[in-house]
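Good morning, colleagues. Please look at the display as I speak.

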Amino acid sequence: YNGGGQAPMLLAFLARPEGEPRDYLVFDSTWNIGDLGYMFRMKRSRLRKAAALHWNGAAKPWRADGQAYSWLWLPHREAFEDTCRPEQS
């Protein structure tokens, strides 16, 4: 199986027995935005509101050949690099 983790997760939620309480949270669909690696016409306003971004697909902004929404990803990479860089004294 080479399909990632989403399909098994969806099956786990699908098979909840009748009468069993929900043991998970349902988030608003604007909370997590996926498909950033192949959907290239998403509105900036929608992307800025998201709490989690998922670059599934081939166009990853950290790859040399993938510039999909790199404007959104670069500030996070720069902050991470600053955090990991040892202080110079």
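Let me begin with W73, which is buried because its relative accessible area is 16%, under the 20% limit for that class. Please bear in mind that this is a predicted model.

What does W73 pair with? W73 and W62 form a tilted aromatic pair, with 5.7 Å from centre to centre and 50 degrees between the planes. W62 belongs to the loop between strand 2 (52-53) and helix 3 (70-84), whereas W73 is in helix 3, so the pair ties together parts 11 residues apart in sequence. W62 itself counts as partly exposed, at 46% relative accessibility.

The whole structure contains three aromatic pairs. In one of them, the ring centres of W55 and W62 are 6.2 Å apart and the planes stand at 75 degrees, so this pair is edge-to-face. W55 is buried, at 10% relative accessible area. Together, W55, W62 and W73 make up one aromatic cluster.

A further tryptophan deserves mention. The charged end of R44 sits over the ring of W71, 4.0 Å from the ring centre.

I turn now to the overall arrangement. The protein has three helices and two strands, in the order α-β-α-β-α along the sequence. Of its 89 residues, 18% are buried. The protein exposes about 7,700 Å², and carbon and sulfur atoms supply 55% of that area.

Finally, the surface. M9, L10 and F13 make a nonpolar patch of about 280 Å². L10 lies in helix 1, residues 6-14, and counts as partly exposed at 48% relative accessibility.

Notes. Residues numbered from 1 in each chain as written. Predicted model: local features only at pLDDT ≥ 70, side-chain atom pairs only at ≥ 80, totals over all residues. Heavy atoms only, no water. Patch = residues over 30% accessible without salt bridge, like charges linked within 9 Å, V, L, I, M, F, W, Y side chains within 5 Å. Areas by Shrake-Rupley, 256 points an atom, 1.4 Å probe, with all protein chains shown as cover. Salt bridge = Lys/Arg side-chain N within 4 Å of Asp/Glu carboxyl O. Helix = DSSP H or I, 4+ residues; strand = E, 2+ residues; numbered from the N terminus. Buried < 20%, exposed > 50% of the residue type's maximum accessible area, 1.4 Å probe, protein only. Phe/Tyr/Trp six-rings, centres within 6.5 Å; stacked < 30°, edge-to-face > 60°. Lys NZ or Arg CZ within 6 Å of the ring centre and 35° of its normal.
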